[in-house]
Amino acid sequence: MKFSDIPSHESAKQRLRDMIDNNRIPHALLLEGPAGIGKFALARAAAQYIHCENRIDGDSCGKCAACLQHQSFNHIDTHFVFPVVKRKNSSGAVVSDDYIGEWRDFLRDNPYMDFQQWLVSLDSPNAQPAIYVSESEQLVHKLSFTAHRARYKVVLLWLPERLNVDASNKLLKQIEEPFGDTLFIMVSNNAKAILPTIYSRTQRIELKRLPDDVIANSLITRYSIDETDAMALAHNAEGNMIKAINSISLSKESHRFLELFMELMRQSYQRHVKELKAWATDVASLGREQELRFLDYCQRLIRENFIYNLNVPQLNYLNREEASFSKNFARFINERNVIDIVTELDNASKDIAGNGNGKIVMFDLAIKMILLLKR
């Protein structure tokens, strides 16, 4: 992984370059920020830059032996630490090396480190993986040997917030009194959950969300998505590339949600109570989780339709289907009803989340929509 392979984060890249080029690398570095923005890719690029034998223009060469080893996740002086689960029917200690094959496949397929995909790789989609004390013990043993081929050994630690208490305390001593040739680069999605004594001993680089245009351009390039749809997906992803990519696979669901939204608004405007009762039954059949996603989708479309009336296209993030419907529908969403409509949708969401009867909640929502659309 080279710095040039990672979109955005230019100031963080330059800061890392300066540290490495001037040999002022902190023994414990923490890259923190929201998920899905490429933090671990940046950590990998930094490790490769540290070990590169022929740096060129502020980046690793990508061709030397060290770079090739990094690209195959086999550099002897790079150690990976990440959350794992105990294997089924196993009562012994568990460490990252037990899952190194799955880890390498995961890194190849998930440069933005989709945690849910890691759970799938662990064959434990409902588990709560952690970094156990056995990991810290093994790591201390590994680091006691001098670097083999490079000046520094680099530990890439993904999600230090998942260190259990014993592992944190064991690792703390290593961070407080590190070997002279050892560097820790940690990557966190939730820095507040890191043991304070570890957090305080790191030098931190905070990374921000990805700009919408960066995400949109990536979607267009990698998935050949229409520019309008890509911008809508990017905006709704709120700077999270994982969320944007996952949204592509949900396009079928989004299409269904749009159909249900249009039917709700049309039948409510025409006061077709019988049809709205059938609509409520259809929505209730989706199941609680999909109902909640549908209500979130409705709230977003209501907000977007209200903004549509401002006639400032750059403020709208609708895909082509949504924009086609909104062209004629937006005028019914105005300052007299927009807050109340969103409030009713939010109330319905709370009722569904609280195990309310889906048919009753949705039908009640539909009846209220009849009154609200006439304002």
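The model is predicted, so to speak of its basis: local features need pLDDT of at least 70, side-chain atom pairs count only at pLDDT 80 or more, and totals for chains, interfaces and linings use all residues. Residues are numbered from 1 along each chain as its sequence is written, and side-chain values use heavy atoms, without hydrogens and water.

I begin with the pockets. A pocket is an open set of points on a 1 Å grid over the protein atoms alone, where a 1.4 Å probe fits, with protein on both sides within 12 Å along at least five of seven lines; lining residues have an atom within 4 Å of a point. The largest pocket holds about 960 Å³, a volume being the space filled by probe spheres set on the points, which are joined across faces, edges and corners. Its lining comprises 31 residues, and Asn236, Ser247, Ser254, Tyr297 and Arg300 lie nearest the centre. The second largest pocket has about 150 Å³; among its lining residues are Met265, Phe325 and Leu373.

I turn now to salt bridges, in which a side-chain nitrogen of Lys or Arg lies within 4 Å of a carboxyl oxygen of Asp or Glu. The count is 18. In one of them, Asp181 pairs with Lys153, with the closest N and O atoms 2.5 Å apart. Both residues are buried, that is, under 20% relative accessible area with a 1.4 Å probe and protein chains only, where exposed is over 50% and partly exposed in between. By contrast, Glu177 is exposed at 55%, and Lys173, its salt-bridge partner at 3.6 Å, is exposed at 52%. Finally, Glu344, Asp364 and Lys368 form a salt-bridge network.
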